[in-house]
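Please examine the structure shown below, and then follow the explanation through its parts in turn.

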Amino acid sequence: MVRAGFAPVKGTRHQAYDAVTLSRLGPVGDRAWCLVDVDRRRVLRTVQHPSLVAVAAVTSPDGLTLTLPSGAVAAGPVVPSGAPLTCDYWGRPVALDLLDGPHAALLSAHLGTSVRLAAAPPGGVVYAGAVTLVSTGTLHALASRTGLAVDDLAARFRPTFVVEADEPHAEDAWVGAEVDLGPARVRVTSRVPRCAVVDLDPVTGERGGGVLAALATYRPRGATGDLLLGVDAEVVVPGTVTPSPHF
C-alpha cells in the first residue's frame with residue numbers, strides 16, 4: 001500500500017492521508033460533504049464543474065478549511081442549518097442536510113453559480129463502489145504512455161488506495177476476490193469506468209494530459225462504452241489502513 005486518500009468535499013482535490021479508516025460503509029470522512037444547487041435540488045458533479053478539482057478541502061477539529069488556487073480561504077465550523085433537502089444524484093434521491101458557515105460564499109464565487117454546502121450520509125454521494133483500488137503497475141504503465149508523473153496520475157484517478165503490484169492492470173484479475181489492506185479487507189466487485197475528469201490537472205483543474213486518449217489506445221470499454229481502469233470494492237473487514245509511500 002503506497003497511497004491512501006479521498007476528498008472530504010465531493011469533487012474537490014483528492015487528498016493523500018497518512019492513514020484512512022475503513023468502516024463497513026467505506027472510508028470515514030470520504031465525501032462527507034457535497035455542494036448542491038438548491039433551486040434545482042441537484043448535487044454538483046465534477047464533470048460539469050471541473051474547477052472544483054482545484055479547491056483544497058482540509059478538515060480539523062475546528063471545522064473545514066477551503067483554499068482556492070488564488071489563495072483565497074474560507075475556514076470555520078460547519079454548522080447545521082436545520083434544513084434537510086433531498087437532491088438528485090445521478091438519477092437517485094439522496095437526503096442531505098444543508099449547512100451554514102463561510103464556505104458556500106467562497107465556492108459560489110469560485111464556480112460562478114450559487115451553491116450550498118451540505119452534509120451527506122456515508123456513501124450517499126459516491127457514484128459506485130465505496131472503495132477504489134489502482135495498482136502501482138497500472139500507474140507506471142500509463143505514465144510511460146502519457147509522460148505524466150505517477151503521483152499526478154494517482155491524484156487524477158482518485159483511488160482510495162494505490163496498491164503495490166508490478167504487473168500493469170493486475171487489479172483487473174481481482175474482481176470477485178478479497179484483498180487484504182493491512183488490518184482491513186475488501187472484496188473487489190467490478191472494474192471502474194472512467195470519464196473526462198481524469199483529464200483534469202489535479203491541482204489547477206485545467207484540462208489536459210491526454211489520459212483518456214492514452215487509455216483508448218489499449219484499454220477495454222465497459223458495457224456503456226466507458227474506458228476501464230482500476231477496480232471498485234466493498235469493505236469486508238473494517239480497519240485503519242496506513243500506507244508506506246514508495247512509488
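In this predicted model, the side chains of Lys 10 and Tyr 89 are joined by a polar contact of 3.1 Å. Lys 10 lies in the loop that runs between β1 (3–6) and β2 (15–16). Although Lys 10 is buried, it forms no salt bridge. The nearest side chain of opposite charge belongs to Asp 30, at a distance of 8.3 Å, whereas a salt bridge requires the charged atoms to be within 4 Å. Apart from neighbours within four places in sequence, the residues in contact with Lys 10 are Arg 31, Trp 33, Cys 34, Val 43, Leu 44, Leu 52, Tyr 89 and Val 125.

The buried residues are Val 150, Asp 152, Leu 153, Ala 154, Ala 155, Arg 156 and Phe 157. Among the elements that cover them are β1, α2 (136–146), β14 (161–163), β16 (184–194), α4 (211–216) and β17 (227–237). After α3 comes Arg 158, which has a positive phi near 60 degrees.

How do α2 and α3 pack, and at what angle? Their axes are 9 Å apart and form an angle of about 110 degrees. The two helices are therefore roughly perpendicular to each other, since angles of 65 to 115 degrees are classed in this way. Where they meet, α2 contributes Leu 139, His 140, Leu 142, Ala 143 and Thr 146, while α3 contributes Val 150, Leu 153, Ala 154 and Phe 157.

Technical notes. Residues are numbered from 1 along each chain as its sequence is written. This is a predicted model: local features need pLDDT of at least 70, side-chain atom pairs count only at pLDDT 80 or more; totals for chains, interfaces and linings use all residues. Side-chain values use heavy atoms; hydrogens and water are left out. Helices (H or I, at least four residues) and strands (E, at least two) are DSSP runs, numbered from the N terminus. Buried means under 20% relative accessible area, exposed over 50%, partly exposed in between (1.4 Å probe, protein chains only). Lys and Arg count as positive and Asp and Glu as negative; His and the chain ends are not counted. A polar contact is a pair of N or O atoms within 3.5 Å; within protein, one must be able to donate a hydrogen and the other to accept it, and residues adjacent in sequence count only if both atoms are side-chain atoms. Contact means heavy atoms within 4.5 Å. Axes are lines fitted to C-alpha atoms, for helices over the stretch in contact, and angles run from 0 to 180 degrees between N-to-C directions. Angles under 35 degrees count as roughly parallel, over 145 as roughly antiparallel, 65 to 115 as roughly perpendicular and the rest as oblique.
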